[in-house]
Structures are given as structure tokens and as C-alpha cells.
Amino acid sequence: MMKYSIFISLSVITFIISVAHAAEVVSSTETFSNTPHIRTLAASCAACHGSNGNALHGNAVLAGMDGDKFTAAMVAFKDGSRPATVMHRHAKGLNVDEINLLAEYFSKQKRVPSQVPQPQTLKSSHEQR
Amino acid sequence: MNNVKRRAFIKNTIKAGFSLGAVSLAPSFLTACAGLNKQNTKTIGRVVVIGGGYAGLTAAKYIRIWSAGSIEVMVIEKSSQFVSCPLSNLVLGGSKSIHDLTFGYDLVQKNHGVTWIKDEVTTIDTTTKKITMKRGEVSYDRLIIAPGIDMMYDTLPNLETAQQEIPHAWKAGWQTVNLRKQLEAMPDGGVFVMNVPRAPYRCPPGPYERASQVASYLKAHKPKSKIIVLDANAEITSKKGLFTKVWVDIYPGMVDYRPNNIIAEVDVKTKTVKTDFETVTASVLNIIPPQRAGKPAQLAGVDNADKRWCEVSFITYESTAVPNIHVIGDAIDSNLPKSAHMATNQARICASAVVELMFNRTPDPAPVFANTCYSFVSDKEAMHVATVYRFDTNKKIMVAAEGGGVSLKPSVQEGDYAQAWAANIWSDVLT
């Protein structure tokens, strides 16, 4: 009986520690990359890379991308070592801190398929002016 | 209680518990699915958004997300459908139909718990914070006006009632279809005349993309035809080198570009245009009038830059004329290009700032965002201008960061990127 309760209290302690640890990880995310500056900058990428980085039409999916991979790609676009059609324009305009925080931000986003709005017939009543 | 009865009792209790549970759980489950349904969250205030274009929809959606549903958002929009201006020049070229660019407003409402009012604003009382519409009224804590543009016909008054004969087609919709039909009816050897208003106007490269799209159609179907572009500006205002080269390389001898030509007079019947320098007669005439902030901005008295555009703070997009009113999109007075991507950027900076202000926190003091704008020069090839913009704390405006620029040349690959841009921005804005 004694053994059991020691075992139980140990697991409870382990559980509490792991919850506390998880909470710590979450709060550090809140502090660093989930700020108005980074969430609006990240959302600015949505025009090509979808909501929260869940891109459609074959563009790079940034949601859940490994942070180091993201940073390496952006730094290479920035210094010109990786050829690009458009991305070098954006990478050069960002500083290294912003690239690192975007990397963290996108790595924490869930991969969920973006919804595709369905085109519809334009109604005859639609305003003409 | 014998065993059988007890078992039946337990079974029924479980069943009852289950169904009661299901009933009471259903709304919160739906809330979880919708993510941000307003019923279960304590509301700290109401934001009304006037206008359901790129800017207005984006602001509405992101306020719901970033306030975790604690700010009530109402959108007032008079149209029942969203028609995309980006890609609408392809309707003139023939590679898209207007119906490919038309969408409903249902998903953004359902997904984010946005309250929708299909109505037209008639008055805005900025003292009592009350908006009157044709069919009702509503009050706000903060108001976001995303009115788009109105056409200014004061210098060419006879054109206002002649939009069937001479469409501007500068708001995608039936006028775009009308202009396409006129081009289809034009004989080979005809002259398509269009103008470019003096900047600033909606979509800086748009008129030159339009000339290229019409050239694409005419080259394939009516190769003896000509295009005359009368530009009120001293030169092509966007992607100049690229468009000039496209007209020489892809459409040689077809596009006649004439800068410094402000339209002074138009004869509707003969489709004759007089500028200060010359007179040209068109088979198909497309006049794009000068533009100003849309009517709701005028009603609120926030069009304080020359009674035309709206001056705002680039940290909050709050009007410099009226407190608690924010203005976003093409209607603002700024050095930023009046583009759809830019409208969504402004909308998100505004949405984020509105959330911070309503929670008594400080908005981001130095926002940064990126703009990518593609122009199609044929049915498949496109080219970009892309720039990051940063808030300049001394100048208090957004300035272009280093590294921005245009494509080396148009390409099919960038044409595909441009289609991807449309797919992604439509998904972000409309769902």
C-alpha cells in the first residue's frame, strides 16, 4: 500500500512538472512570436501562402514548417545564395530577428487544409456603377 | 427493484443522460467548431465594418480571431456578392469569366461569427456613434470604413449617365462584361481607346495590364486593330520598363501609348475624345475617371485630404478627422499602392490595433507588411512588383524597405504564381 502511494505521488509530481513545462513552452510562444508585430507580419504572407501558412495551389506550406528550415531558406533568399523569382524581394526587406520570429510563428501553426470559396454566377441585380 | 427493472432503469437513465448531454453539449461543440461563435464569449464591445471588399472582410475576420471572439463584429455591405477586381482584366483578354471571380459572403460569416447586414448606409452620426441604413440602424464602439472608391465625373459630367455606352469597368462586375462584349463586337481594324487617370487611382499597374489584355485578345482575333492609351501621367506609373517591352516584343505595332494626355471632353455618340493636344475617335471607348474615397467615408466626414481621400494614422488606421473611426483600403491618403494585397495588410494592422485598443493595450508601434502585385501581360504570362513596407517613426508613414522591385521579365511561371496568389488571397479573405 505504501509503495503504491509513493508511486502515485511520484507520477502526480511528474505530471505536474510536465504540465508546468508545457505551460512554460506555451507562454514563451506568447511572449516572443505571438505578438501583434509578428502575427500581422505573418498574416501578410497569406496572399500567397494561405491563412496561417496553409497554402493552396502548390505554394510552399509554411504552417508547421521546421523553424530552422524556414530561417535557412529566408536567409538564403536574403543574401542571394538561393535563386528566387519573388521571395528575395521579401526576405531582403525583413531583418534577421523578424525572420527568426516568423520561423517560430509558422512552426507553431497547425496544418489544416485551407477552405476554397466556390465561384458563383454573378447575379443580374449586381450594381453596375 | 428486480434485476431486470434495475437494468432497464440504468439503461434509460444513461440514454436520458446521453441525450440531455448531447442537447446541452451541442451548442458548445458547435462553438468549438465555429471557433469564435459569439454566444459563449463575453463581449467587450462592438466594431462595425462598412464595406465587404478585400479590406473590410479581412478586418472583420481578424478582429474576431485576435479578440478570441470577445469583440462583436458587424459588417454592412450593400452587394450580395463579392466580385474580385484582381484578375478581372483577364475577362477582357478572354481567359477568365466574371463568374470565376464572383463569390458569396456566407463562409466568412459562418466560420468567424461575423454578423452580416445587407443594407446601404445613409447617415453616420459620429457624435452618438450611430449608423442609419435604408432599413435600420446600428451603433458602434469603433467603426471601420472600407468604402473602396467612387468615380468622379465632375470634369466629364456627360459620362456619368453614359456608362452603358462608355463603361469604366474599374469595379469588377457587369461593366467588365459589357466592355468585353463591345470588344467582341468590334470589327477587325477597329480602334480601342482607353485612358489612365492621374495618380493616385485604384491599382497603379491595372490600366497597363488592361491594355495588354485587350492586345492579347485583339492579336489572336482582330490583328488589324489598334489600341491607343491616353495617359494623364507623364509616364507609365508602374512596371514601366516591363510594360514598354511587352508592347514592343509581344504586341508590336498594336499599342500606341501617349503620355501627358488629360481628357478634356468626350462625345458619347461618336466616341470621340478631345485632350489638350489631340482628338481621337474610338470604336470601343473605355474611360476610367479620377477616383475618391467611397460614399461612406464622405458621410462620416473622414475624407479630409482635399475632400478626396482619408488621412489616417499608419499605426491604427484611425482617421485624423474623427476619433473611433478607422479607414482602410483604397480610400486612404498614402504613398502606398491602392492594391488588394495592400488593402488586406492595412486591414490586419487596423484589426490588430483595434483589438489592442479595446483591451486597453498598446498597438504595435512600428508595423511591417509585404505587398506582392502581379500583372498578366497575356493569358498565361505575368510579372510582379513586390516590396516590404515599414513604418518610419520619424516620417510617421510606411516606407519601402530595401530589396523591393519588379520581375526581370514576364513568365509563365509567374503567371502560375499569380493564379496561386488569387487562390490564396480569396481563401484568406472569404473563408
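How many residue pairs are in polar contact between domain 1 of chain B and domain 2 of chain B, with both residues at pLDDT 80 or more?

Reply: Happy to! Keep in mind that this is a predicted model, in which local features need pLDDT of at least 70, side-chain atom pairs count only at pLDDT 80 or more, and totals for chains, interfaces and linings use all residues; side-chain values use heavy atoms, with hydrogens and water left out. Residues are numbered from 1 along each chain as its sequence is written, while chains are lettered from A and ligands numbered from 1 in the order in which they are written.

Let us first find the two parts. In chain B, domain 1 covers 3-150 + 292-430 and domain 2 covers 152-291; such bounds come from an automatic or database domain assignment. Between the C-alpha centres of domain 1 of chain B and domain 2 of chain B there are 31 Å. Where they are in contact (heavy atoms within 4.5 Å), domain 1 of chain B contributes 37 residues and domain 2 of chain B contributes 33 residues.

Next comes area. Together, domain 1 of chain B and domain 2 of chain B bury about 2,900 Å², with 63% of it on carbon and sulfur atoms. Buried area here is the accessible area (1.4 Å probe) that two parts lose on being put together, summed over both. On the domain 1 side of chain B, Asn89(B), Leu92(B) and Ile149(B) supply 25% of the area buried against domain 2, more than any other three residues.

Now for your question: the count between domain 1 of chain B and domain 2 of chain B is 14 residue pairs in polar contact, both at pLDDT 80 or more. A polar contact is a pair of N or O atoms within 3.5 Å; within protein, one must be able to donate a hydrogen and the other to accept it, and residues adjacent in sequence count only if both atoms are side-chain atoms.

Which elements of domain 1 of chain B give two or more residues to the side that touches domain 2? They are α3 (89-93), β10 (149-151), β20 (368-376) and β21 (382-392) of chain B. Helices (H or I, at least four residues) and strands (E, at least two) are DSSP runs, numbered from the N terminus. α3(B) gives the most to this side, with five residues.

Finally, the two domains of chain B share one salt bridge, meaning a side-chain nitrogen of Lys or Arg within 4 Å of a carboxyl oxygen of Asp or Glu. A salt bridge also joins the side chains of Arg202(B) and Asp330(B), at 2.6 Å from N to O.
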